[in-house]
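Trainee: Please take a close look at one part of this model and describe what surrounds it.

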Amino acid sequence: MPRTQLKYRKMSGNNQQLNILVSGGGTGGHIFPALSIANELKRRYPDARILFVGADGRMEMEKVPAAGYNIIGLPVSGFDRKHLLRNIKVVARLFNSLGQAKRIVKDFKPDIAIGVGGYASGPTLKAAQKQGVPTLLQEQNSYAGVTNKLLAKQADCICVAYEGMERFFPADKIVLTGNPVRRNLLECGATPQQARQAMGANPNKRTVLIIGGSLGARTINNAIIDGLEQLGKHEHDMQVIWQTGKLYDQRCREALAASGVKNVIQMPFITNMDMAYRAADLVVSRAGASSISELQLLGKAAILVPSPNVAEDHQTKNAMALVNRDAAIMVSDADASQKLISTMLETVTDDARLTTLGDHVSAMALRNAAERIADEAEKIMGIRD
(Lines give C-alpha, C1' and ligand atoms only; values in the text may rest on other atoms or scores of the structure.)
Protein backbone atom coordinates (compact mmCIF):
# COMPACT_ATOMS: atom_id res chain seq x y z
CA MET A 1 0.00 0.00 0.00
CA PRO A 2 1.44 3.41 -0.91
CA ARG A 3 1.97 5.59 2.12
CA THR A 4 0.69 9.15 2.02
CA GLN A 5 3.41 11.78 1.95
CA LEU A 6 1.30 14.91 2.26
CA LYS A 7 3.16 17.87 3.71
CA TYR A 8 1.33 19.36 6.69
CA ARG A 9 0.97 23.10 7.04
CA LYS A 10 -1.57 25.45 8.53
CA MET A 11 -2.25 29.06 7.60
CA SER A 12 -3.73 31.71 9.85
CA GLY A 13 -7.09 33.43 9.81
CA ASN A 14 -9.91 32.38 7.50
CA ASN A 15 -7.45 30.73 5.11
CA GLN A 16 -6.61 27.86 7.41
CA GLN A 17 -5.45 24.86 5.46
CA LEU A 18 -6.78 21.90 7.35
CA ASN A 19 -6.00 18.22 7.06
CA ILE A 20 -9.21 16.26 7.56
CA LEU A 21 -9.31 12.48 7.80
CA VAL A 22 -12.64 10.72 7.18
CA SER A 23 -13.07 6.99 7.68
CA GLY A 24 -15.81 4.39 7.33
CA GLY A 25 -18.08 2.88 4.74
CA GLY A 26 -19.21 -0.52 3.59
CA THR A 27 -22.71 0.60 2.56
CA GLY A 28 -24.32 3.68 1.10
CA GLY A 29 -25.71 4.36 4.58
CA HIS A 30 -22.18 5.11 5.77
CA ILE A 31 -20.70 6.55 2.57
CA PHE A 32 -23.30 9.21 1.71
CA PRO A 33 -23.16 10.84 5.17
CA ALA A 34 -19.36 10.79 5.05
CA LEU A 35 -19.35 12.51 1.67
CA SER A 36 -21.93 15.06 2.82
CA ILE A 37 -19.78 15.99 5.82
CA ALA A 38 -16.67 16.21 3.66
CA ASN A 39 -18.46 18.37 1.11
CA GLU A 40 -19.63 20.80 3.78
CA LEU A 41 -16.13 21.13 5.26
CA LYS A 42 -14.68 21.56 1.78
CA ARG A 43 -17.25 24.29 1.11
CA ARG A 44 -16.11 26.14 4.22
CA TYR A 45 -12.40 25.48 3.70
CA PRO A 46 -11.68 25.14 -0.04
CA ASP A 47 -7.97 24.61 0.60
CA ALA A 48 -8.53 21.77 3.05
CA ARG A 49 -6.91 18.43 2.32
CA ILE A 50 -9.47 15.68 2.85
CA LEU A 51 -8.36 12.06 2.87
CA PHE A 52 -10.71 9.09 3.19
CA VAL A 53 -9.76 5.70 4.61
CA GLY A 54 -11.98 2.78 3.64
CA ALA A 55 -11.97 -1.01 3.44
CA ASP A 56 -10.48 -2.74 0.42
CA GLY A 57 -13.10 -4.18 -1.90
CA ARG A 58 -15.98 -2.26 -0.38
CA MET A 59 -18.28 0.28 -2.01
CA GLU A 60 -16.40 3.34 -0.75
CA MET A 61 -13.35 2.47 -2.88
CA GLU A 62 -15.46 3.32 -5.93
CA LYS A 63 -17.88 5.97 -4.63
CA VAL A 64 -15.36 8.23 -2.87
CA PRO A 65 -13.02 8.76 -5.87
CA ALA A 66 -16.09 9.34 -8.04
CA ALA A 67 -16.96 12.20 -5.67
CA GLY A 68 -13.51 13.73 -6.15
CA TYR A 69 -11.68 12.63 -2.98
CA ASN A 70 -8.59 10.51 -2.39
CA ILE A 71 -9.04 7.26 -0.49
CA ILE A 72 -6.72 4.62 0.94
CA GLY A 73 -8.04 1.10 1.47
CA LEU A 74 -7.28 -1.06 4.50
CA PRO A 75 -7.50 -4.88 4.36
CA VAL A 76 -9.89 -4.93 7.31
CA SER A 77 -13.05 -7.07 7.22
CA GLY A 78 -15.85 -8.13 9.55
CA PHE A 79 -15.96 -11.22 11.73
CA ASP A 80 -17.54 -14.35 10.28
CA ARG A 81 -19.97 -15.61 12.90
CA LYS A 82 -20.88 -18.75 10.93
CA HIS A 83 -17.35 -19.97 10.12
CA LEU A 84 -15.26 -19.20 13.20
CA LEU A 85 -11.98 -20.59 11.82
CA ARG A 86 -12.04 -17.99 9.06
CA ASN A 87 -11.63 -15.32 11.74
CA ILE A 88 -7.93 -16.19 12.02
CA LYS A 89 -7.48 -14.28 8.76
CA VAL A 90 -9.83 -11.55 9.97
CA VAL A 91 -7.66 -10.97 13.07
CA ALA A 92 -4.52 -10.91 10.92
CA ARG A 93 -6.11 -8.32 8.62
CA LEU A 94 -7.13 -6.25 11.64
CA PHE A 95 -3.57 -6.08 13.00
CA ASN A 96 -2.28 -5.24 9.51
CA SER A 97 -4.89 -2.49 9.25
CA LEU A 98 -3.97 -1.07 12.65
CA GLY A 99 -0.36 -0.76 11.53
CA GLN A 100 -1.31 0.86 8.24
CA ALA A 101 -3.72 3.25 9.95
CA LYS A 102 -0.98 4.30 12.37
CA ARG A 103 1.28 5.21 9.43
CA ILE A 104 -1.51 7.05 7.61
CA VAL A 105 -2.24 9.24 10.65
CA LYS A 106 1.47 9.88 11.25
CA ASP A 107 2.09 10.92 7.62
CA PHE A 108 -1.12 12.90 7.03
CA LYS A 109 -1.10 14.71 10.39
CA PRO A 110 -4.85 15.36 10.50
CA ASP A 111 -6.36 18.24 12.45
CA ILE A 112 -9.39 16.01 13.01
CA ALA A 113 -10.45 12.43 12.28
CA ILE A 114 -14.12 11.78 11.55
CA GLY A 115 -15.55 8.27 11.78
CA VAL A 116 -18.92 7.30 10.32
CA GLY A 117 -18.93 3.61 11.22
CA GLY A 118 -17.95 0.59 9.17
CA TYR A 119 -14.94 -1.71 9.23
CA ALA A 120 -12.22 0.83 8.40
CA SER A 121 -13.23 3.47 10.94
CA GLY A 122 -12.18 1.27 13.88
CA PRO A 123 -8.42 1.05 13.23
CA THR A 124 -8.29 4.53 11.70
CA LEU A 125 -9.98 6.38 14.54
CA LYS A 126 -8.15 4.31 17.17
CA ALA A 127 -4.83 5.26 15.58
CA ALA A 128 -5.86 8.91 15.54
CA GLN A 129 -6.89 8.82 19.20
CA LYS A 130 -3.59 7.24 20.23
CA GLN A 131 -1.72 10.03 18.44
CA GLY A 132 -3.72 12.77 20.13
CA VAL A 133 -5.82 13.76 17.13
CA PRO A 134 -9.31 15.10 17.98
CA THR A 135 -12.00 12.65 16.85
CA LEU A 136 -15.65 13.04 15.95
CA LEU A 137 -18.00 10.07 15.55
CA GLN A 138 -21.19 10.11 13.51
CA GLU A 139 -23.70 7.41 14.44
CA GLN A 140 -26.55 7.05 11.95
CA ASN A 141 -28.66 4.39 13.66
CA SER A 142 -30.95 4.30 16.67
CA TYR A 143 -28.93 1.33 17.93
CA ALA A 144 -25.24 2.16 17.99
CA GLY A 145 -22.75 0.13 15.98
CA VAL A 146 -19.99 -1.85 17.67
CA THR A 147 -17.18 0.24 16.19
CA ASN A 148 -18.56 3.54 17.44
CA LYS A 149 -19.29 2.09 20.88
CA LEU A 150 -15.66 0.97 21.17
CA LEU A 151 -14.37 4.39 20.08
CA ALA A 152 -16.79 6.50 22.12
CA LYS A 153 -14.84 6.80 25.37
CA GLN A 154 -11.91 8.58 23.72
CA ALA A 155 -13.96 10.57 21.20
CA ASP A 156 -14.34 14.33 21.56
CA CYS A 157 -17.84 14.49 20.09
CA ILE A 158 -20.50 12.00 19.02
CA CYS A 159 -23.12 13.23 16.55
CA VAL A 160 -26.34 11.20 16.57
CA ALA A 161 -29.65 11.08 14.73
CA TYR A 162 -31.92 9.73 17.49
CA GLU A 163 -32.74 10.72 21.02
CA GLY A 164 -31.93 8.38 23.90
CA MET A 165 -28.40 7.49 22.73
CA GLU A 166 -27.08 7.93 26.29
CA ARG A 167 -27.49 4.19 26.71
CA PHE A 168 -24.58 3.71 24.31
CA PHE A 169 -22.41 6.81 24.64
CA PRO A 170 -21.23 9.28 27.32
CA ALA A 171 -24.05 11.81 27.63
CA ASP A 172 -21.73 14.83 27.76
CA LYS A 173 -20.29 13.99 24.32
CA ILE A 174 -23.57 13.51 22.47
CA VAL A 175 -24.91 16.13 20.04
CA LEU A 176 -28.22 15.55 18.26
CA THR A 177 -27.56 16.57 14.65
CA GLY A 178 -29.47 14.15 12.42
CA ASN A 179 -28.05 12.28 9.45
CA PRO A 180 -26.72 14.13 6.40
CA VAL A 181 -28.40 13.22 3.12
CA ARG A 182 -27.58 13.89 -0.51
CA ARG A 183 -28.23 17.58 -1.12
CA ASN A 184 -29.86 17.08 -4.53
CA LEU A 185 -32.73 15.17 -2.90
CA LEU A 186 -33.75 18.32 -1.06
CA GLU A 187 -33.37 20.64 -4.04
CA CYS A 188 -35.67 18.92 -6.53
CA GLY A 189 -38.12 21.48 -7.90
CA ALA A 190 -40.17 19.14 -10.09
CA THR A 191 -43.86 18.55 -9.52
CA PRO A 192 -44.92 14.94 -8.87
CA GLN A 193 -46.36 14.84 -12.40
CA GLN A 194 -43.10 16.07 -13.95
CA ALA A 195 -41.10 13.62 -11.86
CA ARG A 196 -43.26 10.67 -12.93
CA GLN A 197 -42.79 11.62 -16.56
CA ALA A 198 -39.03 11.81 -16.00
CA MET A 199 -39.15 8.28 -14.57
CA GLY A 200 -41.08 6.99 -17.59
CA ALA A 201 -44.30 6.63 -15.62
CA ASN A 202 -47.87 7.88 -16.09
CA PRO A 203 -47.95 11.41 -14.65
CA ASN A 204 -51.49 11.05 -13.28
CA LYS A 205 -51.44 7.72 -11.42
CA ARG A 206 -50.80 7.03 -7.75
CA THR A 207 -47.19 5.85 -7.54
CA VAL A 208 -45.36 3.45 -5.24
CA LEU A 209 -41.56 3.62 -5.22
CA ILE A 210 -39.85 0.38 -4.18
CA ILE A 211 -36.18 0.58 -3.19
CA GLY A 212 -34.20 -2.19 -1.57
CA GLY A 213 -30.96 -0.28 -1.07
CA SER A 214 -28.08 0.03 -3.53
CA LEU A 215 -27.62 -3.74 -3.68
CA GLY A 216 -31.30 -4.63 -3.79
CA ALA A 217 -33.35 -6.69 -1.35
CA ARG A 218 -34.17 -10.32 -2.15
CA THR A 219 -37.22 -10.57 0.12
CA ILE A 220 -38.84 -7.41 -1.26
CA ASN A 221 -38.11 -8.46 -4.85
CA ASN A 222 -39.57 -11.92 -4.29
CA ALA A 223 -42.72 -10.41 -2.78
CA ILE A 224 -43.17 -8.15 -5.81
CA ILE A 225 -42.57 -11.01 -8.26
CA ASP A 226 -45.18 -13.11 -6.47
CA GLY A 227 -47.61 -10.18 -6.44
CA LEU A 228 -47.24 -8.96 -10.04
CA GLU A 229 -50.62 -10.35 -11.11
CA GLN A 230 -52.31 -8.64 -8.18
CA LEU A 231 -50.59 -5.33 -8.98
CA GLY A 232 -51.66 -5.65 -12.61
CA LYS A 233 -55.31 -5.70 -11.53
CA HIS A 234 -54.87 -2.11 -10.28
CA GLU A 235 -53.50 -0.77 -13.56
CA HIS A 236 -56.28 1.79 -13.77
CA ASP A 237 -55.41 3.63 -10.55
CA MET A 238 -51.80 2.97 -9.46
CA GLN A 239 -48.32 2.17 -10.71
CA VAL A 240 -45.00 0.98 -9.31
CA ILE A 241 -41.42 2.14 -9.86
CA TRP A 242 -39.30 -0.83 -8.80
CA GLN A 243 -35.57 -0.64 -8.15
CA THR A 244 -34.38 -4.24 -7.92
CA GLY A 245 -30.61 -3.93 -7.52
CA LYS A 246 -28.19 -5.16 -10.17
CA LEU A 247 -27.88 -8.62 -8.62
CA TYR A 248 -31.59 -9.32 -9.09
CA ASP A 249 -32.08 -7.40 -12.34
CA GLN A 250 -32.31 -10.28 -14.82
CA ARG A 251 -34.68 -12.42 -12.75
CA CYS A 252 -37.02 -9.51 -11.97
CA ARG A 253 -36.96 -8.23 -15.54
CA GLU A 254 -37.83 -11.67 -16.91
CA ALA A 255 -40.61 -12.18 -14.36
CA LEU A 256 -42.14 -8.81 -15.22
CA ALA A 257 -42.00 -9.52 -18.96
CA ALA A 258 -43.58 -12.92 -18.48
CA SER A 259 -46.40 -11.46 -16.37
CA GLY A 260 -47.51 -8.97 -19.02
CA VAL A 261 -48.16 -6.40 -16.28
CA LYS A 262 -47.98 -2.84 -17.65
CA ASN A 263 -48.14 -0.66 -14.52
CA VAL A 264 -44.75 -1.72 -13.09
CA ILE A 265 -41.54 -0.03 -14.23
CA GLN A 266 -38.48 -2.08 -13.27
CA MET A 267 -34.85 -0.97 -13.25
CA PRO A 268 -31.68 -2.30 -11.56
CA PHE A 269 -30.59 1.05 -10.14
CA ILE A 270 -32.04 4.55 -9.96
CA THR A 271 -29.53 7.33 -10.51
CA ASN A 272 -31.99 10.23 -10.26
CA MET A 273 -33.34 9.48 -6.78
CA ASP A 274 -34.49 13.07 -6.41
CA MET A 275 -37.03 12.50 -9.18
CA ALA A 276 -37.94 9.03 -7.93
CA TYR A 277 -38.80 10.30 -4.46
CA ARG A 278 -40.69 13.26 -5.89
CA ALA A 279 -42.76 10.92 -8.06
CA ALA A 280 -43.81 8.72 -5.14
CA ASP A 281 -46.98 8.85 -3.06
CA LEU A 282 -45.70 5.89 -1.03
CA VAL A 283 -42.22 4.41 -0.58
CA VAL A 284 -41.36 0.81 0.22
CA SER A 285 -37.86 0.57 1.64
CA ARG A 286 -35.44 -1.18 3.90
CA ALA A 287 -34.91 0.65 7.20
CA GLY A 288 -31.33 1.79 6.91
CA ALA A 289 -30.50 5.01 8.71
CA SER A 290 -29.87 7.06 5.57
CA SER A 291 -33.10 5.91 3.94
CA ILE A 292 -35.09 6.84 7.03
CA SER A 293 -33.45 10.28 7.20
CA GLU A 294 -34.35 10.85 3.56
CA LEU A 295 -37.96 9.86 4.21
CA GLN A 296 -38.10 12.22 7.19
CA LEU A 297 -36.62 15.19 5.36
CA LEU A 298 -38.86 14.63 2.32
CA GLY A 299 -41.98 13.86 4.38
CA LYS A 300 -42.68 10.60 2.55
CA ALA A 301 -45.21 8.01 3.69
CA ALA A 302 -43.43 4.67 3.84
CA ILE A 303 -43.68 0.95 4.44
CA LEU A 304 -40.45 -0.27 6.00
CA VAL A 305 -39.20 -3.84 5.61
CA PRO A 306 -36.16 -4.06 7.93
CA SER A 307 -33.29 -6.23 6.76
CA PRO A 308 -32.64 -9.15 9.13
CA ASN A 309 -29.05 -9.41 7.88
CA VAL A 310 -27.57 -6.52 9.87
CA ALA A 311 -25.73 -6.31 13.15
CA GLU A 312 -27.90 -6.39 16.27
CA ASP A 313 -31.08 -6.11 14.15
CA HIS A 314 -30.62 -2.34 14.12
CA GLN A 315 -32.93 -1.80 11.13
CA THR A 316 -35.92 -3.09 13.11
CA LYS A 317 -35.00 -0.65 15.89
CA ASN A 318 -34.74 2.16 13.33
CA ALA A 319 -38.16 1.29 11.93
CA MET A 320 -39.80 1.02 15.34
CA ALA A 321 -38.62 4.53 16.21
CA LEU A 322 -40.97 5.69 13.41
CA VAL A 323 -43.75 3.16 13.93
CA ASN A 324 -44.05 4.18 17.59
CA ARG A 325 -44.85 7.72 16.43
CA ASP A 326 -47.24 6.60 13.68
CA ALA A 327 -44.70 7.87 11.14
CA ALA A 328 -44.30 4.66 9.13
CA ILE A 329 -45.75 1.19 8.66
CA MET A 330 -43.53 -1.83 9.26
CA VAL A 331 -43.79 -5.23 7.59
CA SER A 332 -41.25 -7.73 8.89
CA ASP A 333 -38.97 -9.51 6.44
CA ALA A 334 -40.56 -12.82 7.45
CA ASP A 335 -44.07 -11.49 6.71
CA ALA A 336 -43.27 -9.66 3.46
CA SER A 337 -44.28 -12.50 1.15
CA GLN A 338 -47.77 -12.57 2.68
CA LYS A 339 -48.41 -8.97 3.66
CA LEU A 340 -46.36 -6.52 1.59
CA ILE A 341 -48.52 -6.31 -1.55
CA SER A 342 -51.82 -6.04 0.33
CA THR A 343 -50.37 -3.40 2.69
CA MET A 344 -49.08 -1.40 -0.29
CA LEU A 345 -52.42 -1.45 -2.09
CA GLU A 346 -54.37 -0.60 1.04
CA THR A 347 -52.10 2.31 1.95
CA VAL A 348 -51.52 3.96 -1.44
CA THR A 349 -55.28 4.36 -1.96
CA ASP A 350 -55.92 5.86 1.49
CA ASP A 351 -55.45 9.64 1.29
CA ALA A 352 -55.88 10.21 5.02
CA ARG A 353 -53.32 7.56 5.91
CA LEU A 354 -50.77 8.89 3.45
CA THR A 355 -51.20 12.40 4.85
CA THR A 356 -50.87 11.25 8.47
CA LEU A 357 -47.73 9.23 7.80
CA GLY A 358 -46.17 12.04 5.78
CA ASP A 359 -46.91 14.68 8.41
CA HIS A 360 -45.65 12.56 11.30
CA VAL A 361 -42.42 11.48 9.60
CA SER A 362 -41.70 15.05 8.52
CA ALA A 363 -42.08 16.20 12.13
CA MET A 364 -39.20 13.88 13.08
CA ALA A 365 -36.76 15.40 10.58
CA LEU A 366 -33.53 16.96 11.81
CA ARG A 367 -32.49 19.42 9.14
CA ASN A 368 -29.08 20.79 8.09
CA ALA A 369 -27.26 17.81 9.61
CA ALA A 370 -24.06 18.20 7.57
CA GLU A 371 -23.81 21.84 8.63
CA ARG A 372 -24.39 20.94 12.29
CA ILE A 373 -21.74 18.23 12.19
CA ALA A 374 -19.28 20.60 10.51
CA ASP A 375 -19.97 23.10 13.31
CA GLU A 376 -19.04 20.46 15.89
CA ALA A 377 -15.90 19.58 13.94
CA GLU A 378 -14.88 23.24 14.01
CA LYS A 379 -15.46 23.37 17.76
CA ILE A 380 -13.20 20.43 18.56
CA MET A 381 -10.53 21.82 16.21
CA GLY A 382 -10.71 25.12 18.12
CA ILE A 383 -11.97 27.12 15.12
CA ARG A 384 -15.42 27.86 16.56
CA ASP A 385 -16.47 28.63 20.14
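**Second largest pocket**

Mentor: Seven charged residues, five polar and 10 nonpolar make up the lining of the second largest pocket (nonpolar: Ala, Val, Leu, Ile, Met, Phe, Trp, Tyr, Cys and Pro; charged: Asp, Glu, Lys and Arg; polar: the others, Gly among them). The model is predicted, with pLDDT of at least 70 required for local features and 80 or more for side-chain atom pairs, while totals for chains, interfaces and linings use all residues. Residues are numbered from 1 along each chain as its sequence is written, and side-chain values use heavy atoms, without hydrogens or water.

A pocket here is an open set of points on a 1 Å grid over the protein atoms alone, where a 1.4 Å probe fits, with protein on both sides within 12 Å along at least five of seven lines; a lining residue has an atom within 4 Å of a point. The volume is about 460 Å³, taken as the space filled by probe spheres set on the points, which are joined across faces, edges and corners. Of the 22 lining residues, Ser36, Val181, Arg182, Arg183 and Ala370 are the closest to the centre. Helix 1 (28–44), helix 6 (183–186) and helix 16 (369–381) each give two or more residues to this lining (helices are DSSP runs of H or I with at least four residues, strands runs of E with at least two, numbered from the N terminus). Helix 1 gives the most, with six residues.

Helix 1 also holds Glu40. Glu40 has a relative accessible area of 2% and is buried (under 20% with a 1.4 Å probe, protein chains only). Apart from neighbours within four places in sequence, Glu40 has contacts, meaning heavy atoms within 4.5 Å, with Arg183, Ala370, Glu371 and Ala374. Two of these partners, Arg183 and Ala370, are also listed among the residues closest to the pocket centre.

Another buried region is helix 12 (residues 289–298): nine of its 10 residues are buried, so the rest of the structure largely encloses it. Among these buried residues are Ser291, Glu294 and Gln296. Strand 8 (residues 206–211) runs parallel to strand 11 and is joined to it by four bridges, where pairing requires at least two DSSP bridges. Ser285 of strand 11 has Ile211 opposite.

Terms used
Buried < 20%, exposed > 50% of the residue type's maximum accessible area, 1.4 Å probe, protein only.
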